[in-house]
Amino acid sequence: MNRVALAILAVACLTGGVESASAQQVSMNGAGATFPYPIYSKWFDEYHKKFPAIQINYQSLGSGAGIQQVTAGTVDFGASDGPMNDEQIKAFEAARHTRILHFPTVLGADVPAYNLPGITAALNFTPEALAGIFLGKITQWNDPAIASANPGVKLPKADIVVVHRSDGSGTTYCWTDYLSKVSPEWEKRAGRGTSIKWPVGLGGKGNEGVSGQIKQTPNSLGYVELIFAIQNKMTYGKMRNAAGQFVAATLDSVSAAAASVKDMPDDFRVSITNPPGSAAYPIATFTWLLIPEKIGDDAKRKAIKTFLEWMLTDGQKLAPALDYAPLPAPVVAKEIKAIQKIQ
Amino acid sequence: MPGSAITAVDARPPGAMPRSLFQRLVSGDRIAYLLTFLCAASVVLVTIALVWELYANSGPSRRQFGLKFLVSSDWDPVAGQFGAAPFIYGTLVTTALAMLIGVPLGVGAAIFLAELAPPGISSGLTFLIELLAAVPSVIIGLLGIFVVIPILRDTVPYLRGALGWMPLFQGPFYGVSLLAAGIVLSIMILPFIISISREVILAVPADQREAALALGATRWEMTWDVVVPYAKKGIVGSIFLALARSLGETMAVTMVVGNTPQIAASLFAPGYSIAAVIANEFAEATGALYQSALVELGLVLFGLTMAINAAARLLVLSTSGKGSA
């Protein structure tokens, strides 16, 4: 018995000694959105190279899982393509006795991608036409609502096959959030969410499922993430924005969407779909890191604060290479101020 | 079996010399009994724990919707309305279709491989078929997208022309559909039916065959009237396994079924299955009611599997009773 106690004591001393020796070594865990995973892993990797003592691990489990895990306290921070709603924030505050901070990291956008045999040009879509198609009220490609925005394009007299995501996703949230803003009928009948009740259409699993169905089905139309559309060389349309301009989704026009948001709220929980700017692409969204306001561990708090500063400055320069739209300068400035809230 | 072994040992008179041996034997039997009992019990425990978890975690949804959950076809996460009917329908239709195609094809192939094919061809084909069982379902799903659906696109117009008077074969066809899902599922269950049925047919004793031949039966009469009825129990068992596999298949179905929660009479229409919707929506399901509705779908699938299996077993029992009488 004595020997066992001695052994336990020895092990305790040993581990205690190791801990105090490596006080500088910080390992943090995060989980959440899949959309920003490539840029996040690039960031955490580059940051680790810069500060070898700080190791940040990220699991791309989905936005919903990110919110759940940060609320349960199983990870140090979460990540989500949609801001936490009031109910989720209440649940977080009840569970963790602190507040949750949202930090936008990069921007994403959804594009209407289609498969029209013989048409490779970027079609123009009005918000009314898009909402009509997804509500099932506009059923044919040569409908005046589509044709009038595309003079000179010979649209077929064919049924539109609508394709949407079947899995819950931030891409769907962004798309339905936009439709809800431009169409009162959409907001009433379908609404916004990561999964919704679709009035029409076929469901594909993931961006790859939707794009697969679009590629295989003539006369189909669906929505995919901009990066996915660029990397897979899909044909996608321009959207008419709130200023009346038809704008193609590019990194610049997506960043412009964030820049043109008036009255950015202090908690950054804001939808930037249908923004007022004339150069802005209207179906865009932030993706956020979710960080608790109070972090008890000194080393972790320091690490996450310095990481945020680096991500907002040097880190942003890494985004375009991976096809992510970087944050516009005013948002970066406001976020750098917000880092002080972490205590 | 352990019981009979114990009585056999107990029947021996306990002497002074063999006592230690006898005790060792008894304790060996007891240990074996205990170990195997624990193995069997753990399976039952896991099943009970599974049902309990599903039941407990579906609480909010059960309280909110009650039995209406089973008949409502409204699945609206935004409005917080959940009904399982379209998913139950899709699961049943795709499985029925898979069994309709897979069972005759599978049993026929098994009979050929076991009884009629030359041995060289039989072992080669059997190897390939068992390989098919090892193909991951996501690959079968891709096969569905890139092979089955394009073929269907070409054949559906003929189907509609020939059988279009039935509601089953009406309406527009987009490729992804209940029909495509049923065909893909039938491909997935074939190796189960074929390889197990083939084994049980091969296990039919040679004297059964010889007796039939001696009575003047042709080779086919011997196979169909003697060998297959003798192997019936095993063949039915393989069909049950295929049924369970088909009801629970997720990935391949979601890739080709269209993921549209609706109840459509036509096989050309897209649908949805219970397993597919759980896999699609669970990761991003936020809110207690939404999550519990998905868990309740799991409970429904479990119940559905139990009910279908029980019904099928009863059917087999009643028919085999008549057969032997």
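# A tour of chains A and B

Across the interface of chain B and chain A there are 13 residue pairs in polar contact, both residues at pLDDT 80 or more. A polar contact is a pair of N or O atoms within 3.5 Å; within protein, one must be able to donate a hydrogen and the other to accept it, and residues adjacent in sequence count only if both atoms are side-chain atoms. This is a predicted model, in which local features need pLDDT of at least 70 and side-chain atom pairs count only at pLDDT 80 or more, while totals for chains, interfaces and linings use all residues. Residues are numbered from 1 along each chain as its sequence is written, chains are lettered from A and ligands numbered from 1 in the order in which they are written, and side-chain values use heavy atoms, with hydrogens and water left out.

**Stop 1: the interface from chain B**

Select helix 7 (137–163) of chain B; with four residues, this helix gives the most to the side of chain B that touches chain A. Helices here are DSSP runs of H or I with at least four residues, strands are runs of E with at least two, and both are numbered from the N terminus. The residues on this side of chain B divide into 16 nonpolar, seven polar and five charged. Ala, Val, Leu, Ile, Met, Phe, Trp, Tyr, Cys and Pro count as nonpolar, Asp, Glu, Lys and Arg as charged, and the others, Gly among them, as polar.

Now show both sides: the contact (heavy atoms within 4.5 Å) takes 28 residues from chain B and 29 residues from chain A. The area buried between the two chains is about 2,100 Å², and carbon and sulfur atoms give 48% of it. Buried area is the accessible area (1.4 Å probe) that two parts lose on being put together, summed over both.

Next, select Lys197(A) and Asp74(B), whose side chains meet in a salt bridge (2.4 Å, N to O). A salt bridge is a side-chain nitrogen of Lys or Arg within 4 Å of a carboxyl oxygen of Asp or Glu. The count between chain B and chain A is one salt bridge.

**Stop 2: the sheet of eight strands**

In chain A, eight strands form an open sheet in the order 2-1-3-11-4-8-6-7, with mixed pairing. Two strands pair if DSSP finds at least two bridges between them. Strand 2 (54–60) and strand 7 (202–204) of chain A stand at the edges with a single partner strand each, so one side of each has no neighbour in the sheet. From one strand to the next, the twist averages 25°.

Zoom in on strand 6 (residues 161–165) and strand 8 (residues 220–225) of chain A, which pair in the parallel sense over three bridges. Here Val163(A) stands opposite Gly222(A).

**Stop 3: a link across the sequence**

Finally, select Asp86(A) and Arg269(A), whose side chains meet in a salt bridge (3.1 Å, N to O). Asp86(A) lies in helix 4 (residues 86–96) and Arg269(A) in the loop between helix 11 and strand 11 of chain A, so the pair ties together parts that are 183 residues apart in sequence.

Methods. Axes fitted to C-alpha atoms, helices over the stretch in contact; angles between N-to-C directions.
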